[in-house]
Amino acid sequence: MAVYTEVAFGEAAALLHRLSLGDLTELRGIQGGIENTNYFATTVRDGVAHEYVLTVFERLSFEQLPYYLHLMKHLAGQGIPVPEPAADERGEILHSVQGKPAAVVNKLRGHSELAPTEAHCRAVGDMLARMHLAGRGFGMSQPNLRGLPWWNETVPVVLPHLSESQSVLIRTELAYQNHVAAGSAYTALPRGPVHADLFRDNVMFHDGELTGFFDFYFAGNDSFLFDLAVCLNDWCIQHAADERDGQHDAARARAMIAAYQAVRPLSMAERQLLPAMLRAGALRFWLSRLWDWHLPRDASMLKPHDPTHFERVLRERVRHAQALSASLLEDACVAA
């Protein structure tokens, strides 16, 4: 758990009251996450209990946050199940807690599926494609702040903490991703607002039904393919405490890609670059976890993710790039 800002019960109660969300009865820190301070807040309104999530933003500024919050508001209005930011009497959805930006959203039903089946992967692929289509009408734009420019800036910072083999891998992959980004196929990739962090713990299910995507605070305008690759790298690989960790799960990947394509078919450029974007997604999260692990910020409760897992994912994606490319392209063509 990470709690960078201790929010007093009275301060949270005043905010929720101002938002007409009821009387606060319970406030507790949320386990998981290392970027923001998060609390579950339970209120009572008209005799009925309601649950919300209060987020105090530690990394994002008042200037950056309107993109994320209004994107969530837009997607909710388009029927995508996402938390909807609560507005005050003036219609403002960005608030302040202890001088820091904050937001309050409704808590989604259900729980995360950390051991997903093919059915879960199909549901995520379907809703991800629907979210991409719904986002095309969103009027604001902001780059993915953890995209290629950030990778180029951050690799030199973490290099002193790496072994020789890790250093070779990360520098080689960064050079490859810069090469890919300079190509015409990459330029042709369909783009728009993406979640960019849609891991298993950022999706809710209730009684087998997908009830929502949440934690949009890494969202930005990027290629839809990168968003799909990030999902494949978490939902459709092995998570294990042995040599299987990071290995590709073909059945779950086929299920997710087929469901995605049934809603939004992949373009030729996307089919061509899917293996490269799988490597890009692995690099992005290996790099951010290295940064969090070796250069942590102070927090009253903090447990950064072990970067070793995504190092394994990246090595697997690089090692099996050719076979994976043939398999995924065949699956994409069959599903299209």
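Hi everyone, this is a short walk through one protein chain, from its overall build down to a few single residues.

A word on the ground rules: this is a predicted model, where local features need pLDDT of at least 70 and side-chain atom pairs count only at pLDDT 80 or more, while totals for chains, interfaces and linings use all residues. Residues are numbered from 1 along the chain as its sequence is written, and side-chain values use heavy atoms, with hydrogens and water left out.

Let's start with the whole chain. It has 11 helices and nine strands; helices (H or I, at least four residues) and strands (E, at least two) are DSSP runs, numbered from the N terminus. The radius of gyration is 20 Å, close to the 20 Å that the globule rule gives for 336 residues, so the chain is as compact as a globular protein of that length. That radius is taken over C-alpha atoms, and the rule is 2.2 Å times the number of residues to the power 0.38. Along the principal axes, the C-alpha trace spans about 60 × 45 × 35 Å.

How much of the chain is buried? Buried residues make up 53% of the 336, where buried means under 20% relative accessible area, exposed over 50%, and partly exposed in between (1.4 Å probe, protein chains only). Of the contacts with a separation of 6 or more, 72% are between residues 24 or more positions apart; a contact means heavy atoms within 4.5 Å.

Now please find helix 3, residues 118-135. Its 18 residues reach 26 Å from first C-alpha to last, close to the 26 Å expected at 1.5 Å a residue; the expected span is 1.5 Å times one less than the number of residues. Thr117 caps the N-terminal end, with a side-chain oxygen 3.3 Å from the backbone nitrogen of Ala119. Buried residues in helix 3 include His120, Cys121, Val124, Met127, Leu128 and Met131. What covers them? Among the elements over the buried residues of helix 3 are helix 2 (65-77), strand 7 (203-206), helix 7 (224-235) and helix 8 (250-263).

A search of the whole structure finds 10 aromatic pairs. Rings of Phe, Tyr and Trp (its six-membered ring) pair if their centres lie within 6.5 Å; planes under 30 degrees apart count as stacked, over 60 as edge-to-face and the rest as tilted. Trp151 and Phe226 form a tilted pair, 6.4 Å centre to centre with 45° between the planes. That pair links distant parts of the chain, as Trp151 is in helix 4 (residues 148-158) and Phe226 in helix 7, 75 residues apart. Trp151 and Phe226 are both buried. The ring centres of Phe205 and Trp235 are 6.3 Å apart and their planes are at 65°, so this pair is edge-to-face. Here Phe205 sits in strand 7 and Trp235 in helix 7, 30 residues apart. Phe205 and Trp235 are buried too. There is also an aromatic cluster made of Phe57, Tyr67, Tyr68, Phe138 and Tyr217.

Last stop: two loop residues. Leaving out residues up to four places away in sequence, Asp249 touches Cys236, Ile237 and Gln238. Gly91, in the loop between helix 2 and strand 4 (95-97), is partly exposed at 47% relative accessible area.

Terms used
Polar contact = N/O pair within 3.5 Å; in protein donor to acceptor, adjacent residues only side chain to side chain.
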